Amino acid sequence: MKKSLKYYIVDVFAEAKYTGNQLAVFTNASGLNQEQMQAIAREINYSETTFIISKQAMSDDKPLRVYADKYDVRIFTPSQEIPFAGHPTLGTAYILQQEIINQSIERVILNLKVGEITVNIDRSGSEPCLWMQQKIPIFSKIFSVEKIVEVLQLNIHEIDASYPIQEVSTGLPFIIVPVKALHSLKRIKVNLDKYNELIQYTDAKCLLVFCPETYHQENNLNVRVFCPYLGIPEDPATGSANGCLAAYLVEHSYFGRSKINLRVEQGYEINRPSLLLLKASKNPSNEAIEVSVGGKVIMVAKGEFL
């Protein structure tokens, strides 16, 4: 391992500093192996930590330059490496643009374990908004209400039975659960025994639960995301999960249309309020659903990891 590693701390899907989801980004990580990256992620202990492992063409005391237009990036939770996650993708793209490339570019391409993810940078507002294009969604297993309410410790009548409880993936799979009201969403407490029984037979290890009631009237949905399997009891802002949600909403005509442009709040129950922007539409010719997840990124700190 090198004597020191440069890192940046950012808040992703944040409207102000110390909101949204925290992320540590290591920029000169090409010399690290998997075990070393995992050890650092465990020590940082954020929901995810990212490592830019593209080769450096210049010495450590000069700006990072890569040999290709795409940037190789790895994502680790405190317990394991994962192929894709939303807030690490946007946060890493922000650091690449602001600190590494240091030019007003329109897009950054990250080469993750799941494949290439393009992040577009919209500068039309007062502050840049980053948007990631997600993989074409895959819809799979549908779950019984009885099984899910045991996990969430809710009553059956609190689930919105007009829509299915379904496993959806746009790169990382999630179980999407619709509930009727905010008071139900607020009182969820995951039963870990029932949760562990459920995920034995699923590709998805995390649950996204949503409702149409919100804390702020300008927002469209409130969301909670639970990932105990990944060492994250509850996540404050989850781009990959909300990408799955956007696809689900279009597929099942939740808003009665095949195109959506939404504001989603998350993290309020754990005092880390976040705002995610969702766009999704169904192609009328082949019925494929295109999904983009957007939000703002705010710099918090930078330093060296010894």
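## Basis of the model

The structure is predicted: local features need pLDDT of at least 70, side-chain atom pairs count only at pLDDT 80 or more, and totals for chains, interfaces and linings use all residues. Residues are numbered from 1 along each chain as its sequence is written, and side-chain values use heavy atoms, with hydrogens and water left out.

## Two domains

The protein chain splits into domain 1 (5-132 + 297-305) and domain 2 (138-287). These bounds come from an automatic or database domain assignment. The two centres, taken over C-alpha atoms, lie 25 Å apart.

At the interface, 25 residues of domain 1 are in contact with 20 residues of domain 2. Contact means heavy atoms within 4.5 Å. The two domains bury about 1700 Å² between them, and 61% of that is on carbon and sulfur atoms. Phe13, Phe84 and Trp131 supply 34% of the area that domain 1 buries against domain 2, more than any other three residues. Buried area here is the accessible area (1.4 Å probe) that two parts lose on being put together, summed over both.

## The annotated site at Glu48

UniProt, in an unreviewed entry, places the feature "active site" at Glu48. UniProt positions follow the numbering used here, feature names are shortened, and annotations may be inferred rather than shown by experiment. Glu48 sits in the loop between helix 1 (34-44) and strand 3 (49-52). Helices (H or I, at least four residues) and strands (E, at least two) are DSSP runs, numbered from the N terminus.

Is Glu48 buried or exposed? Its relative accessible area is 5%, so Glu48 is buried. The classes are buried (under 20% relative accessible area), exposed (over 50%) and partly exposed (in between), using a 1.4 Å probe and protein chains only. Leaving aside neighbours within four places in sequence, the contacts of Glu48 include Gln22, Phe76, His87 and Ile232. A polar contact of 3.2 Å joins the side chains of Glu48 and Ser47. Such a contact is a pair of N or O atoms within 3.5 Å; within protein, one must be able to donate a hydrogen and the other to accept it, and residues adjacent in sequence count only if both atoms are side-chain atoms.

## Thr50 in strand 3

Thr50 lies in strand 3. Its relative accessible area is 0%, so Thr50 is buried. Beyond four places in sequence, Thr50 is in contact with residues including Leu23, Phe26, Arg74 and Thr92.

## Helix 5 and its packing

Helix 5 spans residues 192-199, and Tyr195, Leu198 and Ile199 are buried in it. Seen down the helix axis, these buried residues fall within an arc of 85°, so they line one face. The arc is that of the directions from the helix axis to the C-beta atoms. An α-helix has 3.6 residues a turn, so residues three or four places apart point the same way.

What do the buried residues of helix 5 pack against? Their partners are strand 9 (138-143), helix 3 (145-152), strand 11 (173-178), strand 12 (207-211) and strand 13 (221-227). At the start of helix 5, a side-chain oxygen of Asn191 reaches to within 3.1 Å of the backbone nitrogen of Asp193.

Cys206 occupies the loop between helix 5 and strand 12. It is buried, at 2% relative accessible area. Not counting residues up to four places away in sequence, Cys206 touches Phe174, Ile175, Phe226, Cys227 and Leu230. Cys206 and Ile176 are 30 residues apart in sequence and 9.0 Å apart in space, C-alpha to C-alpha.

Ile176 is in strand 11. At 0% relative accessibility, Ile176 counts as buried. Outside four places in sequence, its contacts include Pro164, Leu208, Phe210 and Tyr248. Asn242, in helix 6 (residues 239-251), is buried at 0%. Among its contacts beyond four places in sequence are Leu208, Val223 and Val293.

## An exposed loop residue

Ser104 lies in the loop between helix 2 (86-101) and strand 6 (107-112). Its relative accessible area is 65%, so Ser104 is exposed. Not counting residues up to four places away in sequence, Ser104 touches Gln97 and Arg123. The C-alpha atoms of Ser104 and Tyr254, 150 residues apart along the chain, are separated by 37 Å.
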